[in-house]
Amino acid sequence: MALEELIVRPIRKNDLPALHEIVNMLEVAELLGPIPPMTYEKFEKWHGRFIEEPEQIALVAEVEKRVVGLVTLSIEEEIYRYDSWLSIYVHKSFWHKGVGTQLMKAVIDVARDIGLRRISLGVFAGNKTAIGMYKKIGFKAEGCSKYGIYTFGRYMDTILMGLLLDEDLPSEA
Ligand SMILES: CC(C)(COP(=O)(O)OP(=O)(O)OC[C@H]1O[C@@H](n2cnc3c(N)ncnc32)[C@H](O)[C@@H]1OP(=O)(O)O)[C@@H](O)C(=O)NCCC(=O)NCCS
């Protein structure tokens, strides 16, 4: 796959079956958390808000009309003013080809365009690829939630990371 073949665009409802298949891949699920198989109903509940609520952001990566990845930004403006929570996954056959990086760059552009000040995320401490990708893009580790998640029969440490989009923001704004 050449990166020129990659299209990044907003999610559509008919992308959901392809995305459902990706989250149910064992290699993807182990890094995301939910143990497969996840029912389509549960998956639709999880992802439906990105289609139904216009303020939420979700971009898919498409290669030759096939959906191969997703990045979402959840925005809860009421309390977390100008913050957002990022989630990303890519079909395992398309890992290490730059798809994740392209999704990240596109969603950061959208975040800046709509005036967000932060992007936050949580990543399992052992997820070297994702942590490497986030750091390369500019995310910084901000803390660790020890044994915060129990999945696949073990407790997982979660590294909390953040990207400040406006470095001039005073710390107690
Ligand atoms: C994390 C994830 C989204 C990364 O997606 P990806 O498309 O593989 O990411 P990229 O290819 O852009 O970059 C990841 C790695 O590939 C390398 N890479 C980038 N372009 C490349 C290319 N053209 N050829 C080979 N490697 C490349 C990057 O340098 C990086 O390598 P590193 O691990 O040595 O630092 C993907 O691995 C995934 O879906 N994992 C499961 C779910 C998950 O972990 N989500 C994040 C939870 S917080």
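## Helix 4

The expected span of a helix is 1.5 Å times one less than its number of residues. In this predicted model, helix 4 (99-113) has 15 residues and should therefore span 21 Å, which agrees with the 21 Å that separates its end C-alpha atoms.

Within helix 4, the buried residues are Val99, Gly100, Leu103, Met104, Val107, Ile108 and Ala111. Because these residues cover an arc of only 165° around the axis, they are placed on the same side of helix 4. An α-helix has 3.6 residues a turn, so residues three or four places apart point the same way. Asp109 and Asp113, by contrast, are exposed on the other side of helix 4. The buried residues pack against strand 1, strand 2 (57-63), strand 3, strand 4, strand 5 and helix 5, and just after the end of helix 4, Gly115 takes a positive phi of about 85°.

## The nonpolar core

The largest nonpolar core comprises 34 residues, and those with the most contacts inside it are Leu59, Leu70, Val71, Ile88, Leu103, Val107 and Ile119. Two or more residues of this core come from each of helix 1, strand 2, strand 3, strand 4, helix 4, strand 5 and strand 7 (154-164), and helix 4 gives the most, with six residues. When residues up to four places away in sequence are not counted, Val107 touches Ile57, Leu59, Val71 and Leu73.

Helix 1 (16-23) has Leu19, Ile22 and Val23 as buried residues. They lie on the same side of helix 1, because the arc that they cover around the axis is only 95°. The partners against which the buried residues of helix 1 pack are helix 2, helix 3 (40-52), strand 3 (66-74) and strand 4.

## The ligand shell

The ligand is surrounded by 20 residues, of which the closest are Leu31, Gly98, Gly100, Thr101 and Gly132. Gly100 is also one of the buried residues of helix 4. By residue class, the shell around the ligand divides into 12 nonpolar, seven polar and one charged.

At least two residues of this shell are supplied by each of helix 2 (26-32), strand 4 (85-90), helix 4 (99-113), strand 5 (118-124) and helix 5 (128-137). Helix 5 gives the most to the shell, with four residues.

## Backbone exceptions and exposed positions

Most residues other than glycine have a negative phi, and most peptide bonds are trans. Lys65, although it is not a glycine, has a positive phi of about 70°; Lys65 is placed in the loop between strand 2 and strand 3, and it counts as exposed because 6 other C-beta atoms lie within 10 Å. Tyr147, found in strand 6 (residues 140-151), likewise has a positive phi, near 50°, in a residue other than glycine, and Tyr147 is exposed, with 11 C-beta neighbours inside 10 Å. The peptide bond from Pro36 to Pro37 is cis, with omega near 0°, and Pro37 belongs to the loop between helix 2 and helix 3.

Arg12 lies in the loop between strand 1 (6-10) and helix 1, where it counts as exposed because it has 11 C-beta neighbours inside 10 Å.

Definitions and conventions
Residues are numbered from 1 along each chain as its sequence is written. This is a predicted model: local features need pLDDT of at least 70, side-chain atom pairs count only at pLDDT 80 or more; totals for chains, interfaces and linings use all residues. A residue is near a molecule or strand if its C-beta atom, placed from the backbone, lies within 6 Å of it. Ala, Val, Leu, Ile, Met, Phe, Trp, Tyr, Cys and Pro count as nonpolar, Asp, Glu, Lys and Arg as charged, and the others, Gly among them, as polar. A residue is buried if 20 or more other C-beta atoms lie within 10 Å of its own, exposed if 12 or fewer, and partly exposed in between; C-beta atoms are placed from the backbone. The arc is that of the directions from the helix axis to the C-beta atoms. Two residues are in contact if their C-beta atoms, placed from the backbone, lie within 7 Å. A nonpolar core is a set of buried Ala, Val, Leu, Ile, Met, Phe, Trp, Tyr and Cys residues joined through C-beta atoms within 7 Å.
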